[in-house]
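I opened this one to see what sits around the ligands and how the chain is put together. My notes follow in the order I looked things up.

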Amino acid sequence: MTESSFDAHHPPARDLLDDCVHCGFCLPTCPTYQLWGEEMDSPRGRIYLMDLAERGEIELQGAFTEHIDACLGCMACVTSCPSGVQYDRLLEATRPQIERNVPRTRSDRLFRNGIFALFPYRRRLRAAAVLGLAYQKLGLARLAERVLPPRLRATQALMPPVRLRTAFATLPRRVRPDGEVRRRVAMLSGCVQDVFFHEVNEATQRVLAAEGCEVLTPREQGCCGALGLHAGREEHAVVHAKRTIETFERLPVDDVVVNVAGCGSSMKEYVHLLADDPDWAERARAFSAKVRDVSEVLAALEPRAPRHPVEARVAYHDACHLGHAQGVRDEPRTVLCTIPGLEIADLPEAELCCGSAGIYNMVQPEPAAELGERKARNIRSVSPDLLVTANPGCLLQIGRYLGDDIRMLHPVQLLDASIRGERLP
Ligand code: SF4
Ligand code: SF4
């Protein structure tokens, strides 16, 4: 028998590979198949490649890595597969194999290392925010558009407007509700979220408290490891997962609340990431079982805070790591429907990724741009006043292609404005 091309550390499982019956139902929902019509850039094709590599019939270098790298990890195929193929587990087993066993070009390695040296660290992001503010004030973005190579050009174009006041602000450690405490929750404040979307965290604390939750937000928390987990950097993901569990498990709470789709999905996956570590498996299981998207917590509570009307037509974009990866689709809509006056518009091609996908829009800027433009066209087609989505990556990616005339918010910001009776942020 030929030896597998994968190493022995968690290769894609044979029984999971065999679950695929090659029916092709997943193809229409796969963004890369939509773009290129190429079988090996479809879920079925990628599973076939994994199958061949597992049998030792193809090597990991070259075409195999290119087709796996081109996958967004959006998990639309998991949603659409009638046979229940766990492509998420297969991809999460395959990507670390590539990171360990396939040498990347020097420039690719440097670029990826740069991303992982910056994004998971709040202090470094704050320093970057200062530089970014100077960069924006000096109007260097237009110059950068002309001179930078594609990946750096795409990365700088995603930078949101920097506000130093919020970039350096800290959240209160404890927020108590007025009246009876209905739930005790701990909140992940995140990395990019806390520096560039701090106001979303503030709104999340206020909304949870208004609905009767006591909210603990430990300052000692760091990155949850989502970017590393989804990019195949297993060591990075494990280190950050353990730190996150240690920080939160000692808190006497009912739920660990997350307002970032990508972070929530990775924290629910710790149970798999640490499954064969005898010291951590049970702790990871207990932790993952408590993780909830903020919309899951709010949808389960009978609304307590009065809402003021918001007369607006809202396009709701399902972030892939919320809809496809966590199966959380109804809860954000349920929560938004509690706001009087709000009209929610469904998007055409709602299942298609916007091209953000963790670090994808930085490392694969061309397909990400095509998907971003397509998502922006679909949003415009329903003529909304607002675009609402629960992931900072989607907000940055879609914002780049949607322009300034359609306002973009996280769902809790909209609910916060309704509860407070204030103008939309
Ligand atoms: S992943 Fe599922 S939907 Fe896609 S080809 Fe395999 S069995 Fe069919
Ligand atoms: S995760 Fe997304 S891009 Fe990758 S194969 Fe599945 S549908 Fe296609």
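**Ligand shells**

I started with ligand 2: 14 residues surround it, and the closest are Cys30, Pro43, Cys71, Cys74 and Cys77. I counted a residue as near a molecule if its C-beta atom, placed from the backbone, lies within 6 Å of it. The elements giving two or more residues to this shell are α2, α3 (43–54) and α5. Helices here are DSSP runs of H or I with at least four residues, strands are runs of E with at least two, and both are numbered from the N terminus. By type, the shell around ligand 2 splits into 10 nonpolar, 3 polar and 1 charged. For that I took Ala, Val, Leu, Ile, Met, Phe, Trp, Tyr, Cys and Pro as nonpolar, Asp, Glu, Lys and Arg as charged, and the others, Gly among them, as polar.

Which residues are closest to ligand 1? I found Cys20, Cys23, Cys26, Arg44 and Cys81, out of 14 that surround ligand 1. Helix α3 gives the most to the shell around ligand 1, with 3 residues. This shell divides into 10 nonpolar, 3 polar and 1 charged.

**What I am looking at**

The model is predicted, so local features need pLDDT of at least 70 and side-chain atom pairs count only at pLDDT 80 or more, while totals for chains, interfaces and linings use all residues. Residues are numbered from 1 along each chain as its sequence is written, and chains are lettered from A and ligands numbered from 1 in the order in which they are written.

**Whole chain**

I count 24 helices and 9 strands in the protein chain. The radius of gyration is 21 Å, close to the 22 Å that the globule rule gives for 425 residues, so the chain is as compact as a globular protein of that length. That radius is taken over C-alpha atoms, and the rule is 2.2 Å times the number of residues to the power 0.38. Along the principal axes, the C-alpha atoms fill a box of roughly 70 × 50 × 40 Å.

**Domains**

I noted domain 1 (14–101), domain 2 (109–166), domain 3 (169–299) and domain 4 (307–420); the bounds come from an automatic or database domain assignment. Between domain 1 and domain 4, the contact takes 14 residues from domain 1 and 13 residues from domain 4. Two residues are in contact if their C-beta atoms, placed from the backbone, lie within 7 Å. On the domain 1 side, α2 (31–36) and α5 (76–80) each give two or more residues, and α2 gives the most, with 4.

**Single residues**

Cys353 touches Pro31, Leu72, Cys74, Ala76, Cys320 and Leu371, leaving out residues up to four places away in sequence. Cys74 is also among the closest to ligand 2.

Beyond its neighbours within four places in sequence, I see Asp416 in contact with Ala203, Arg206 and Val207.

Arg407 lies in strand β9 (residues 407–409). With 17 other C-beta atoms within 10 Å, Arg407 is partly exposed.

Methods: Buried ≥ 20, exposed ≤ 12 C-beta atoms within 10 Å, placed from the backbone.
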